[in-house]
Amino acid sequence: MTTPAAELVGVSQRFGGFTAVDAIDLQIPRGRLTTLLGPSGCGKTTTLRLLAGYSAPTSGRILIDGDDATRTPPEKRNLGMVFQSYALFPHLTVADNVAYGPKMRGVPAAERRRRADEALDLVGLAHLGDRKPKQLSGGQQQRVALARAIAIRPRLLLLDEPLSNLDARLRVQMRAEIRRIQSETGLTVVLVTHDQDEALELSDEMVLMRAGKIVQSGAPRDVFPAPADRFVAEFLGYENFLTLADGRQAAVRPEHLRIVSADAPAGEAVAFDAVVRDVAYRGVDLLVTLEATDPGGHAVRLLADHRADTATGPTPSAGDRVRLLAPEARLALLEPDPTPTEGIS
Ligand SMILES: Nc1ncnc2c1ncn2[C@@H]1O[C@H](COP(=O)(O)OP(=O)(O)O)[C@@H](O)[C@H]1O
Ligand SMILES: [Mg+2]
């Protein structure tokens with residue numbers, strides 16, 4: 001196996017008595033895009049800052065390209081970093097902002113001009129090099145910040161919630177841009193986000209964090225259908241949690257619960273009776289809230305998407321007694337949770 005671009009080995013970061021990062025082992029594969037995903041406060045930024053060298057871990061080791069960099073200062077790591085607040089220099093032109101990193105590294109004027117042009121071209125802003133940052137939109141400023149980080153030819157590009165200040169539509173466009181830039185440059189990227197859609201769409205490898213620990217990691221295609229526990233399942237949008245007849249816990253997504261008439265056959269699916277409590281119109285589907293007794297005998301509140309174009313049963317309305325079908329293949333079996341979970345229940 002090739003040496004990872006970076007590696008955290010048993011890394012912890014304590015602030016006073018509080019452990020923000022708790023004995024993490026993490027390998028950042030070279031030339032891929034890795035996301036750190038988790039709710040606010042779980043230690044994502046702290047982990048990124050440790051990689052960048054802005055703080056030294058309380059314990060553990062950080063390797064970059066296989067070499068111990070635990071005590072290497074940030075300016076010697078040659079990493080590009082982009083924050084949520086893009087922090088461009090307001091008095092410099094866009095091109096000079098982008099050329100700033102190479103300049104600080106002693107790159108001659110002609111070469112840094114060339115690199116700035118190349119980086120601006122990559123983010124689609126070659127025509128705006130002479131402007132000042134305040135003459136650009138938020139999305140354009142974010143691209144400049146990205147170009148500035150790329151222009152130093154970093155060994156690792158570290159992005160901390162780079163899209164969270166953009167409006168929803170632009171955020172989605174920029175995801176595709178980041179993917180394109182990553183694949184065109186072959187850069188190793190670590191991107192922090194609390195947005196599961198962003199992580200799913202961008203990641204080669206996604207790393208889910210909770211309370212300073214890594215709870216699950218892998219390719220989106222492997223993680224998404226098989227969340228390890230309830231925390232991960234909730235975070236990935238599995239709204240429904242059931243106890244099966246044999247006592248195991250399972251999660252199922254609203255789009256995979258089918259509402260059929262009360263006397264319909266169950267077929268291959270886990271079936272149970274429910275009462276419709278609420279129906280909300282959402283354009284492409286109806287979001288249906290139901291009360292049911294799950295196969296384990298517990299009262300549960302469930303959400304089901306009902307799409308007129310694919311549904312087989314009648315259109316549900318409040319008060320209806322119906323049958324719910326959860327196809328076996330769509331049930332994600334969960335490890336028992338060691339601690340009570342926050343969030344939706
Ligand atoms: N310099 C610091 N001093 C004390 N506590 C900190 C410091 N930096 C972060 N923390 C705490 O560590 C935890 C993780 O923070 P952070 O890594 O910023 O989370 P995230 O980026 O996942 O939202 C939070 O509870 C935060 O308050
Ligand atoms: Mg953060």
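The buried residues of H2 pack against helix H3 (109–122) and helix H4 (138–151), where helices are DSSP runs of H or I with at least four residues, strands are E runs of at least two, and both are numbered from the N terminus. This is a predicted model, in which local features need pLDDT of at least 70, side-chain atom pairs count only at pLDDT 80 or more, and totals for chains, interfaces and linings use all residues. Residues are numbered from 1 along each chain, ligands are numbered from 1 in the order in which they are written, and side-chain values use heavy atoms, without hydrogens and water.

Q: Why is Glu161 called buried?
A: Glu161 has a relative accessible area of 11%, and buried means under 20%, with exposed over 50% and partly exposed in between, using a 1.4 Å probe and protein chains only; Glu161 is therefore buried.

Q: Which residues of helix H2 (residues 94–104) are buried?
A: They are Val94, Ala95, Asn97, Val98, Ala99, Gly101 and Pro102.

Q: How much of ligand 1 does the protein bury?
A: Taken alone, ligand 1 exposes 560 Å², and the protein buries 58% of that.

Q: Which element gives the most to the shell around ligand 1?
A: H1 does, with three residues.

How values were computed. Contact means heavy atoms within 4.5 Å. Accessible areas come from the Shrake-Rupley method with a 1.4 Å probe; for residues, only the protein chains shown count as cover.
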